[in-house]
Amino acid sequence: MKHTTLAMIAFSTVALAGSQTWASSLAEAGMTLTPDQFQWEPNPRVPGLSVAGIISKGTEAGPYVSRVKFPKAHVVQSHSQPDDRSYTVLVCTWYIGWGKKFDDLKLVALTPGSFYTEPAGVAHFVATPDGDAIVQVTGQGPTRVDYSDPAHAPKKK
């Protein structure tokens, strides 16, 4: 009987500790954001854009998820990143092209709901001629933008 009582006390202690751990991990495991909760900031990598870091800002090692706003008639010249990325087009039509030099004829129109990937080190360019576009980007940091032509890189102040 003594062993049974000790066993029940031990089991209850473990179960209670486990449920507290489970409850705290459940609270930490999920994230919900509505569009009005995103905190938009100037994009530090590409002037003229806004970014909302959802998970990380891409400056540290590890996964990141961001939303990026591109104004109407914006062009980002040919560039690449050191990480594999995936994109989901959320708002407006997004135009992507592949190559080391911007070329209107290579642009592919991706409407909202479209998805594509950008392999690490592959040169590409984008344009938003139709209106303000928003894309969601996922990748593994740290990341950066490497312009194919260094003359297109933003000037450091």
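Tutor: A residue is termed buried when its relative accessible area is under 20%, and exposed when that area is over 50%, with partly exposed in between. Please bear in mind that the model is predicted.

Student: Why is Tyr116 called buried?

Tutor: Tyr116 has 9% relative accessibility and therefore counts as buried, the cut-off being under 20%.

Student: How do you know whether Trp98 is buried, exposed or partly exposed?

Tutor: The relative accessible area of Trp98 is 31%. Buried requires under 20% and exposed over 50%, so Trp98 is partly exposed.

Student: What makes the pair of Trp98 and Tyr116 edge-to-face?

Tutor: Planes over 60 degrees apart count as edge-to-face, provided that the ring centres lie within 6.5 Å. The centres of these two rings are 6.2 Å apart and their planes are at 80°, so the pair is edge-to-face. Trp98 belongs to strand β6 and Tyr116 to strand β8, so the pair ties together parts 18 residues apart in sequence.

Student: Why is Pro42 called exposed?

Tutor: Pro42 has 69% relative accessibility and so counts as exposed, given that the term applies over 50%. Pro42 is placed in strand β1.

Student: What makes Gln81 buried?

Tutor: Its relative accessibility is 2%, so Gln81 counts as buried, under the 20% cut-off. Gln81 lies in the loop between β4 and β5. Beyond its neighbours within four places in sequence, the contacts of Gln81 include Glu118, His124 and Arg144.

Definitions and conventions: Residues numbered from 1 in each chain as written. Predicted model: local features only at pLDDT ≥ 70, side-chain atom pairs only at ≥ 80, totals over all residues. Heavy atoms only, no water. Helix = DSSP H or I, 4+ residues; strand = E, 2+ residues; numbered from the N terminus. Buried < 20%, exposed > 50% of the residue type's maximum accessible area, 1.4 Å probe, protein only. Contact = heavy atoms within 4.5 Å. Phe/Tyr/Trp six-rings, centres within 6.5 Å; stacked < 30°, edge-to-face > 60°.
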